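Student: Could we go through this structure together, one topic at a time? I would like to ask brief questions as they occur to me.

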Amino acid sequence: MSSSETQPKPWKKLLIILAISILVIAIAFTGWYSLARRTPLTTYDTPEDHFKYASIGTEAVNGIPYWIWVVLPRLFPEKLTDSGGYTSLGLTWEEGREMPIGLTKESIGIARVGINCAICHVGTVRKTPLSNPSFLLGAPSNKFDVQRYVQFFFECANDPRFTPGFILPEIEYNHHLSLLESAFYRYIIIPRTKNTLLKQEEAFQWMNNRPDTGSGRTDMNPLKIQVLNLPDDGSVGSTDIMAIWNQKQREAFYYHSDGINPDLTEVVLSSALGTGTTPKEINLASLERIQEWLQELPPPAYPFAINLDLAEQGEKVFEANCASCHGLDSTRRGQVLPLEEINTDPNRANHWTQAASDGMNNYATKYPWGFNQFRDTDGYVVPALDGIWARAPYLHNGSVPSLKDLLTKPSDRPKQFYRGYDVYDQKNVGFVSTTEAATKSSFLLDTTIQGNGNSGHDFGTDLKLSDKNALLEYLKTL
Ligand code: HEC
Ligand code: HEC
């Protein structure tokens, strides 16, 4: 037989080409549909719900496919400290909500889970271990452990069982995947998620050489190392999450514990980058809505009884000992007090450098927004004390569990205590930090570890006991 006889007829060739093209287009379309298709973001009627659940732009770059996010705690429970799934990392669900506070669910192709400001900036408080939590919007979270949250995903991705064969049946248990969807999860989404997580783990290498930060704290290094690509200088940037309410009262403040920027818009935008969005993905309108709402957001009132007569006596003690810095008309409020005057742990202030400020100020020059007010300082800002009862543990690194302990000589303050429990200790004014319940899924903060020092700020520690008690009562009213 001559070879020309085995050649398909030209129309057959055309048909084959056509069929292949259709297949390629169908696969490309499904790929785009499952991985990149943008649908309108979920909108929320109230600014409160917007703050708690709306996207700020983290899903596309750092989001985890929703169904994988749902099944990982069930597949790898041994990588969490107790059986409570994500709640053991300090996440809290409101009744009737699909996602915990601070987690967003948006479709970039498939549904993806991102995080927003509320994951760190919403606190909870309970009167007793049996009470339901009250949510404190704008308060520092005392429970969420961001480090363990990311480490959980890295550990899952490193587990040899992180395969379609292990993950898909668990997804099917909740959600029927069509044949095509299933193939996409098997060949693209699951392998890609694993690779992305392993790459992210590399970017978080610096974390292996730093003390654990634990519940309610973070390290500032991601901004320097991951956003700005500065070399790892070994510095420890452990820091407590701050309250972000009442911004109108903070108009003339320097922001961040070390006062590195006086402009709220710059602080909000840079916080969004630190949360995991990028200049391309950042959702400016969403952030503007949050910033506007923070202007008037009031601090939460102390939820237990206050002895008002005692508080009135305490106000005098405050005027005499604290108001020169923290008083509403003090010129020092919102300004940086040098390290040699405040003597608290120097690591956080030393961590931020001129190179980091220059990096930030040159970071987003190609965009209509950007930064030009970052600076380096050598101390800590005199903070406003509004809602101070809800901001325990205290000082910039959260190294002092209660207000009573802050009014105790540094050498007599607790050397170790547990963070991450939200039952309130009305006697000492802070969260319970010693009982067995507090230890269950809590983090033991050791003040002898670098960045955790509880020295300094010894104002009021010499007062007589009755004055201290009156002052504590007054502080509850702020
Ligand atoms: C991973 C936890 C985390 C997330 C997410 C987060 N923050 Fe923060 N935020 C912090 C910490 C920690 C600080 C204090 C850092 C420091 O300066 O030491 C802070 C400080 C701030 C401050 C400065 C407060 C002051 O009085 O100086 C503002 C404002 C703020 N955050 C707003 C936001 C906004 C808006 C978002 C979302 C775009 C956000 N944060 C997301 C942890 C977080
Ligand atoms: C000389 C100025 C000055 C005086 C006086 C002063 N403070 Fe402070 N205070 C600061 C500075 C600065 C910080 C931040 C220190 C840090 O975080 O390392 C601070 C932090 C605090 C905090 C922790 C805030 C938080 O969010 O963790 C509390 C509470 C506080 N002060 C209460 C008081 C009380 C009560 C008095 C009076 C007995 C007082 N301060 C006197 C400057 C002062």
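**Exposure, metal sites and salt bridges**

Tutor: L308 counts as exposed because its relative accessibility is 59%, where exposed means over 50% relative accessible area, buried under 20%, and partly exposed in between (1.4 Å probe, protein chains only). This is a predicted model, in which local features need pLDDT of at least 70 and side-chain atom pairs count only at pLDDT 80 or more, while totals for chains, interfaces and linings use all residues. Residues are numbered from 1 along each chain as its sequence is written, chains are lettered from A and ligands numbered from 1 in the order in which they are written, and side-chain values use heavy atoms, with hydrogens and water left out.

Student: Which helix does L308 lie in?

Tutor: L308 belongs to helix α13, residues 308-321. Helices (H or I, at least four residues) and strands (E, at least two) are DSSP runs, numbered from the N terminus.

Student: And how many Å separate the C-alpha atoms of L308 and I56?

Tutor: The separation is 42 Å, for two residues that stand 252 residues apart along the chain.

Student: Let us turn to the metals. Which residues are the protein donors of the iron atom of ligand 2?

Tutor: H326 and H457 are the protein donors, each through NE2, and they lie 2.0 Å from the iron atom. Donors are N, O and S atoms within 2.8 Å of the metal (3.2 Å for Na, K and Ca); water is not among the atoms, so sites may look incomplete.

Student: Where in the chain are H326 and H457?

Tutor: The pair links distant parts of the chain, 131 residues apart. H326 is in helix α14 (residues 323-326), whereas H457 is in the loop between β13 (443-446) and α20 (465-475).

Student: Are H326 and H457 buried or exposed?

Tutor: H326 and H457 are both buried.

Student: Why is the arrangement around the iron atom of ligand 2 octahedral?

Tutor: The arrangement is octahedral because the six donor atoms subtend angles of 86 to 180°. Six donors count as octahedral if opposite donors are over 155 degrees apart and all others between 65 and 115. For reference, ideal angles are 90 or 180 degrees for six octahedral donors.

Student: What surrounds ligand 2?

Tutor: Ligand 2 is surrounded by 26 residues, and the closest are C322, C325, H326, H396 and H457. A residue is counted if one of its heavy atoms lies within 4 Å. By class, the shell has 17 nonpolar, seven polar and two charged residues. Here Ala, Val, Leu, Ile, Met, Phe, Trp, Tyr, Cys and Pro count as nonpolar, Asp, Glu, Lys and Arg as charged, and the others, Gly among them, as polar.

Student: Which residues have an N or O atom close to an oxygen atom of ligand 2?

Tutor: The side chain of H396 has an N or O atom 2.7 Å from an oxygen atom of ligand 2, and a polar backbone atom of L395 is 2.9 Å from an oxygen atom of the ligand. A polar contact is a pair of N or O atoms within 3.5 Å.

Student: Now ligand 1. What is the protein donor of its iron atom?

Tutor: The only protein donor is H121 (NE2), at 2.1 Å. H121 is found in helix α6.

Student: How many residues surround ligand 1?

Tutor: There are 24, the closest being C117, C120, H121, T239 and H256. The largest share of the shell, six residues, comes from α11. The classes are 14 nonpolar, eight polar and two charged residues.

Student: What are the polar distances for T239 and H256?

Tutor: A polar side-chain atom of T239 lies 2.5 Å from an oxygen atom of ligand 1. For H256, a polar backbone atom is 2.6 Å from an oxygen atom of ligand 1.

Student: Changing topic, how many salt bridges are there in the whole structure?

Tutor: A search of the whole structure finds 23 salt bridges. The term denotes a side-chain nitrogen of Lys or Arg within 4 Å of a carboxyl oxygen of Asp or Glu.

Student: What is the distance between the closest N and O atoms of D258 and R348?

Tutor: In the salt bridge of D258 with R348, the closest N and O atoms are 2.8 Å apart. D258 is in the loop between β7 and α11, and R348 is in helix α16 (residues 347-351), 90 residues apart. D258 and R348 are buried.

Student: And K248 with E296?

Tutor: The side chains of K248 and E296 meet in a salt bridge at 3.1 Å, N to O. K248 is partly exposed, with a relative accessible area of 47%, and E296 counts as exposed at 53% relative accessibility.

How values were computed:
Tetrahedral: all angles 85-135°; square planar, octahedral: opposite > 155°, others 65-115°. Polar contact = N/O pair within 3.5 Å; in protein donor to acceptor, adjacent residues only side chain to side chain.
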